[in-house]
Every structure is written in C-alpha cells, then in structure tokens.
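Please open the model in your viewer and keep the selection panel at hand. The tour below moves from one selection to the next and says what is to be found at each stop.

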Amino acid sequence: MSTSDIIKKTEDLIDALRATCGNNGLSGDGNEYKIVVQMFLYKFLNDKFGYELKHIQNEEYRSRFNEAAHWESAYTAMTDEEREDVWDYLPADTPKLKPEHLIANLYNRMNEGDFSSVFDNTMVSLGQLNADKFSVKTSGKSSVALLESLTNYVTDPDKRDDFARALINNLTTFNFEDIFHQKYDFFSTVFEYLVSDYNKDSGKYGEYFTPHAVATIMARLLVSPDETIHSAATCDPTAGTGTLVMALAHQIGEGNCSIFTQDQSQKSTTMLRLNLILNNLVSSLPNVIQGDSLIDWGHERKDGTFDKMFDYVVSNPPFKEDFSQTVTNAAFKNTDRFFAGIPNVPKGDKQKMEIYLVFIQHILYILKDTGKAAVVVPTGFLTASAKIPLAIRKKLVDKGWLRGVVSMPSNIFANTGTNVSVVFIDKGKKDDKVILIDASKLGTTEKVDKNQRTVLSTADEDKIVNTFRNMEDVDDFSKVVSLDEIKEKKYSFSAGQYFDIKIDYVDITEEEFNRRMTEYKSTLAKQFEESHKLEEEIMKQLASLKFNEDVKGE
C-alpha cells in the first residue's frame, strides 16, 4: 500500500471515529478529543506491537510470527514465559500488550454481554501495564495515564455496548505496519489532520498547533544540515501539541536530542504525548510536564534551579491571554527572569494582557550561554516603543544575541489573523551581523474550514532558509545589517525600515515623451468635457425641482 493510500485510510479512520462520537451525542463534546485520540493511539500501539514482533531480533520467534496466518494467533498461543521473553527482545519504545489487549481479541468478543466493561477494562489495563514507559507528569508530580475508560462519556448506559463495538469496528479497516519506518515525514501530515478539529478551544497556552511550514523553517534555521549534534537538550515551554519541538528533533536527529516540554492544557499534553509516540520519541515522555511554566516550571535541577539548561528552545507562546492569576502568584516573583518587567493587566479586558513578553524573558533565562532559540511573536513586537518590548529588543542587540528575524505572511495561522514574525536568538554568536527578512509576500491563499490561510510552498521555505543561512541582501526581501545600525534605528527589527528606497528610471526619446504628453492631454481634455456636461445636467435637474404644498407635513 502506498503512503498516499495509507494517509487516506488514516484520515478515513479519524473521520469514522469522529462520526461514531457524533452518532452517540458526543460531537463537539469536551471529551470527544479524548475518545478520538485514545482510539487512534490504541490502534497505533497494537499495530506497532505486531510490526515489532515480525521484526524481532530472535530468529525462532520471528519465524513463528511471520509464518502464522495472523500474528495475533501465534502470540496468543504462546506461554506466559515465552511472551515475557519476547518482550525482552523488543525495542525500548515498544509497548507491551498481553493477548487480551489486542484489537483482534476485542473484535472476537464483541458479541459478549456488557462489552463496554470489557472494552474499558482493556484500555485501563493496557495503560497500567505501560505506565512506566508512556505516562506523563503534572507539575505536581502526578502521573497521567496513557489510556482510560471511554464508554462512560455516553450518558445512556444502554448505548455503551454498541458504542464500544463501533469504536473497535473502526480500527479493523487497515494496518499501520507499512509506514512505521517513515516517522516524522508521514505522521506530521496525519497528526495535523487529527488535531484539526481540536485546536480552537480556550486554554492559556493555546490549543492550536504551529503550521508545519513555520515549524520546519524554524528548525532548519536553528540547525544547519552540516552540523553534527549529540545529546542536545531541546525545550518548548509553551509546547501545545508539540509541532515545533518535533520539527526541531527531526532536524537534529531523534536519537541525538532529549525533548523537554511543558503546557498547562490537558488537551494539548494528551496530543503531545501521542505526537512523541508516533515519532519514536517515547524516551522523552518523562520530560513532558502538564502545568503552568511561569509559576511551576517542571524542569528544574536537583538543587532547585532551572536557569541556563537548554541548548535549543522553540516556542509559539500565547500572545494575549488572561494571566492575571499567574503574575500575582508568589512563585512567579523572580526579578532575574523578568528583567524587562511584567505587562499590566488591562482593567477593561484581561484577555488582552501581552503575556508573550513574559515568555520571551523566561526563554532567555532557561537558554544556555551557548544556546539558540526561535520564538514566534506578533509582528508589532518588532517596532513597539513601549517599555517592555523595547527593553527585550535592546537586550538582544546589546548582548549581541540577535541572529535574525523573519516576518511571515498574514493568515499563516488558520485561527488567527495576527501577523507574526519569528525572532532567532543565538547567545553564542560571534559576529555583529543580523539578517532581517520580510517574507510577507510569499505563499498562496487557501480556504481552511471557513478561514483564509496562507500556505508556504517548499520553494517558499527554501527561499527563506537559503537567504537566511547565506546572509544575503535581496531587494525588498532581506537585508543584512549590523548591530549598530539597529541601534541607530531605535532597535527596530522590521526589515522594511532598512530597505533601500529606489526610483526606477526609464530611458525614452524626446519624440516618445512628446507623444505620451499629447495622449495624456487629449485624454484629460475628454474627461474634463464629460465632467462639464455632467455638471450642467445636475444643475438642470436641481432647477426643475419645485416645492409641493400638498405633501407639506407628511
């Protein structure tokens, strides 16, 4: 089966799961995403387990699984001791499943009474068996289980058995085995489709994902293709569903970095965990924290400090949100972190608090002295004269940390019309050159749901990346400037303020000049004549109007 066929079947699976939820009154329900994501994950883990059994590093076992008509039957026929021996041969990121956990087993039991209880118990048991490997933590150090009971979300108990049967039927239409070697390139597309309906709800850190093109550009500009990196600590303190940090890990090499994330949203953390599992990054699951990064940072050292820990930081922080409770929390007070200050909480609308300014300062604080970062900001930040944004820009320039800025096209995000830019930071930078890119004219407009979204092509991505890496001046697109030039422009990061003003001159003969002037005069004379006729007609019409006594007072 081709990759495009599997993508289509995967999207069909997601649609079918959503339809099953809708048929049971759960469409748009706050728990629908749990059902869809968990069933997708269950399907993935089941197929992943079968794939690894068929490729196990033991010739005898491998032959038994590949020669059987159905690997599930061969596995079920084993003794408990044999199955535990099989587990020891599997890669570290492979889930453990007992025979009763397999989709095939549940499918064969669908006609049993009280099937919903069988289904729910299977989910909980499978989650418990893999808790040490697949759980994530809250900032309070509690574990968040991999799988949970689902049929209880259907309010009518009499409909729960049929609901469970429908979910299992959805999982039996195809197998993921053909694409497990593809990782990021395949699953980034599938993942975006999976979360597309669940990225609009409220949540302090935003429930949306960063567009794949933007994430890829950020990763490619942080890590050049000729770099060899080992044991890099990468972080996203506002991780959402993990698109940014996933692209960065893919660029570095999944085996060459550890991922650390935090996000307050339960929904985003659930999807982030799925994203890591899909991309063979299970080893980073213990570093996933659900909690408020600003008051309960979960990645501190053993001595309680957490500054300057990370080699790479990527972030698409919330721009304007109500963080009034966060900034009044005693744990938030840290003048070392927030050198530029804390934005005021608008009295009329707390949702307009510019909290992204706090996250930028947090990112600078946790970044190593040789570290690099890329942060998505509203484009207005590049020239804002208010105290806090100006202080942040001044520090980036005065310390020599600013590497470059890329201003993206409008509507690059499907769910916001805010113009965004990406600020690139390099604390270990040795030169005083900065590249400013205005990519606002790139991309094509497409309709996504009911919104207009600008989509960057591969050629657009390459133009941005190659211009940035080569530090090239391109007319009306990019400008390489010095740190002193930025200071002279009052620390403006806007590329347009540094572009050369050019006047295009066209060489023409005196004869051509005279001919054009004659044409212009003739055209204007005709337009003036028409204008005078219109004026006369209007005056005639006005003169013909008379007062009518009969309609007076009506």
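Predicted model: local features only at pLDDT ≥ 70, side-chain atom pairs only at ≥ 80, totals over all residues.

Begin by selecting helix 19 (residues 510–543), where Glu 512 and Arg 515 sit three residues apart, about one turn of the helix; helices here are DSSP runs of H or I with at least four residues, strands are runs of E with at least two, and both are numbered from the N terminus. Glu 512 and Arg 515 form a salt bridge whose closest N and O atoms are 2.7 Å apart, the term meaning a side-chain nitrogen of Lys or Arg within 4 Å of a carboxyl oxygen of Asp or Glu. Glu 512 is partly exposed at 22% relative accessibility, as is Arg 515 at 40% (buried is under 20% relative accessible area, exposed over 50%, partly exposed in between, with a 1.4 Å probe and protein chains only).

Residues are numbered from 1 along each chain as its sequence is written, and side-chain values use heavy atoms, with hydrogens and water left out.

The structure holds 19 salt bridges, and another of them to select joins Lys 308 to Asp 369, with the closest N and O atoms 3.5 Å apart. This pair links distant parts of the chain, 61 residues apart, since Lys 308 lies in the loop between strand 5 and strand 6 whereas Asp 369 belongs to strand 7.

Eleven of them form an open sheet with mixed pairing, in the order 2-1-5-4-3-6-7-9-8-10-13 (two strands pair if DSSP finds at least two bridges between them). Its edge strands, each pairing on one side only, are strand 2 (143–144) and strand 13.

Within this sheet, select strand 4 (residues 257–263), where six of the seven residues are buried. Strand 4 pairs with strand 3 (residues 232–236) in the parallel sense over five bridges, and Thr 261 is the bridge partner of Asp 236.

Which residues have the most contacts inside the largest nonpolar core? They are Met 39 and Phe 119, in a core of 155 residues (a set of buried Ala, Val, Leu, Ile, Met, Phe, Trp, Tyr and Cys residues joined through side-chain atoms within 4.5 Å). Helix 2 (residues 32–54) contributes the largest share of this core, 13 residues. Centre the view on Phe 119, whose contacts beyond four places in sequence include Met 39, Leu 106, Leu 150 and Ile 168, contact meaning heavy atoms within 4.5 Å.
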